[in-house]
Amino acid sequence: MFKGHPKGLWILSLANTGERFGYYTMLAIFTLFLQAKFGFTAGLTSNIFGGFLALVYFLPVLGGYLADKFGYGKMVTTGIVVMFLGYVALAIPTGNNIAGIAAMFGALFLIALGTGLFKGNLQVMVGNLYDDPKYSAKRDTAFSIFYMAINIGALFAPTAAEKITAWYMSKDGFFYNGDIPAMAHSFLDGNLSGEALNKFTELATQQGAQYATDLTAFSNDYINSLAGSYHWGFAVACVSLILSMAIYVLGKKTFKHADVNTKEAAAGAVHVDDLTPEQTRSRVKALLLVFAVVIFFWMAFHQNGLTLTFFARDYTAKSAEGLTRIGFDVWNLVLIVFAVYGLVGFFQGKGKERGISCGVVVAALALLAWKYSTMDASVEILPQKFQQFNPFFVVALTPISMAVFGALAAKGKEPSAPRKIGIGMVIAVLGFTIMALGSIGLPIPNDLAATTTDYRVTPNLLISTYLVLTFAELFLSPMGISFVSKVAPPKYKGLMMGGWFAATAFGNYLVSIIGMLWGSLPLWVLWSILIVLCLLSATFIFSIMKKLEHVTGDN
């Protein structure tokens with residue numbers, strides 16, 4: 001699984017791991033930050049979140065265009081520097097006035113621009129490593145490994161955000177409660193009364209008895225403390241980018257031959273297969289069709305940072321008991337990953353390798369059992385913590401999916417990349433079906449403030465949804481990137497990889513539609529919208545499957 005790859009893959013993957021850790025730490029708290037600090041509504045927060053994600057994934061088009069002219073490496077290093085400046089600006093505490101909002105938008109633009117220069121071009125260089133016939137058969141495997149590395153960084157991000165929030169707020173004598181920020185802003189705006197006001201008074205008293213008679217002071221103090229903790233969370237990204245730059249620069253010699261532009265390729269620096277104008281048009285057309293399909297997958301999938309986070313905060317139990325507790329300690333998840341990789345190594349290895357793998361499995365499970373026995377009977381949950389399950393499932397399931405695809409390939413039955421994308425869309429339907437069924441009977445969001453009955457659901461609902469959506473992601477995302485790397489005409493590689501991200505950008509902007517509908521509609525209706533869109537997309541891609549497989553030579 002991990003053998004036979006060029007050294008450059010590991011350096012580029014690690015550089016991306018560091019950058020993604022900072023990005024996902026920021027993203028884990030971003031929507032919570034917008035509502036806590038500025039008091040934005042769910043609709044406005046959704047628009048900002050969707051617009052930012054759209055920009056993050058659209059600007060790789062610009063980054064790819066520039067890289068095709070000036071080189072991928074130059075754009076990657078420039079992107080890291082620009083991202084660093086953006087995260088520094090976002091980490092600086094500001095007021096919640098117009099100036100603070102303007103500073104926040106400026107920081108978001110720098111982050112998006114830097115990501116646009118960095119993200120797609122790093123992946124193009126990974127693909128270039130596999131243009132060598134010696135490695136070409138391992139292209140799909142390479143992108144699965146690369147994608148797994150992204151999610152290693154993302155796995156630890158929610159825990160980092162949670163620990164920073166708890167540490168900073170404890171200095172002010174507070175602890176996190178997801179119900180408070182929105183109610184505090186409503187109180188300061190004079191919009192809280194009746195049962196909702198009584199509930200807010202109770203929450204304030206839990207934070208400190210002195211606040212029972214001064215809700216104005218409590219509202220301001222709590223909002224400022226929580227917003228300050230989020231600024232510290234954003235600072236984590238600055239540190240992670242320094243590490244990414246160090247890894248990239250120190251390991252540059254391992255992938256230097258993959259850092260070329262169109263002029264260098266034309267001059268003979270690398271071998272490029274000639275394509276006729278008709279072949280070029282055919283490949284670009286196939287890519288555009290795939291781009292059109294994945295728009296709706298990303299619209300559904302990236303609800304994890306928006307409406308699924310709202311659901312975690314507002315509808316999910318605030319604590320976990322029993323076996324469910326295991327998942328809310330990131331080190332338990334790491335032990336599970338070691339156990340999974342040990343099992344895969346045992347079945348794929350020989351001789352001493354199998355003995356070592358068996359030892360890893362036993363040690364990981366023994367440590368996991370010990371940690372479980374020492375855990376509190378009930379574990380408190382912060383809403384952003386749920387976002388660690390998707391990267392965990394990616395890291396844990398990648399070797400299994402690679403083993404399955406490898407076994408199918410050995411029998412000549414492995415699905416083509418376009419077919420895997422279609423299967424991924426179908427699996428996404430199943431994921432949101434779980435959410436729709438689990439949301440039947442829950443109160444609509446606009447009625448929550450005055451709701452006194454116990455309506456919160458088990459954390460297992462979101463965990464199972466993330467599991468199924470991760471299966472969909474593994475079929476679609478790394479395979480899609482590999483497909484672009486393989487099919488894109490050589491002189492348009494950067495631009496076409498940018499096109500993949502542009503499609504993701506449109507999907508990410510459409511994420512906000514569900515967020516804007518959050519409030520007045522039953523939750524099962526919102527999830528059903530995503531179910532229908534994913535079904536239509538799956539139907540479309542299977543209807544053009546022969547055309548796509550003809551271009552890739554898989555038919």
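**Cavities inside the predicted model**

The lining of the largest cavity draws at least two residues from each of α1 (7-38), α2 (42-58), α5 (98-129), α6 (139-171), α11 (277-301), α15 (389-410), α17 (460-487) and α18 (493-517). This is a predicted model, in which local features need pLDDT of at least 70 and side-chain atom pairs count only at pLDDT 80 or more, while totals for chains, interfaces and linings use all residues. Residues are numbered from 1 along each chain as its sequence is written, and side-chain values use heavy atoms, with hydrogens and water left out.

**Largest cavity**
- The structure holds three cavities of 30 Å³ or more (sets of points on a 1 Å grid over the protein atoms alone where a 1.4 Å probe fits but cannot get out, with lining residues having an atom within 4 Å of a point).
- About 320 Å³ of space lies in the largest of them, and of the 27 residues that line this cavity, Y24, Y57, F301, H302 and E473 are the closest to its centre.
- Helix α6 (helices being DSSP runs of H or I of at least four residues) gives the largest share of this lining, five residues.
- By class, the lining of the largest cavity comprises 15 nonpolar, nine polar and three charged residues (Ala, Val, Leu, Ile, Met, Phe, Trp, Tyr, Cys and Pro count as nonpolar, Asp, Glu, Lys and Arg as charged, and the others, Gly among them, as polar).

**Second largest cavity**
- The second largest cavity contains about 40 Å³ of space, and its lining is made up of F33, A89, L90, I92, T94, G100, A103, M104 and H231.
- Two or more of these lining residues come from each of α4 (72-91) and α5, with α5 giving the largest share, three residues.
- Six nonpolar and three polar residues, but no charged ones, are found in the lining of the second largest cavity.

Key
1 Å grid on protein atoms, 1.4 Å probe; cavity = no way out; pocket = protein on both sides within 12 Å on 5 of 7 lines; lining within 4 Å. Points joined across faces, edges and corners; volume = space filled by probe spheres on them.
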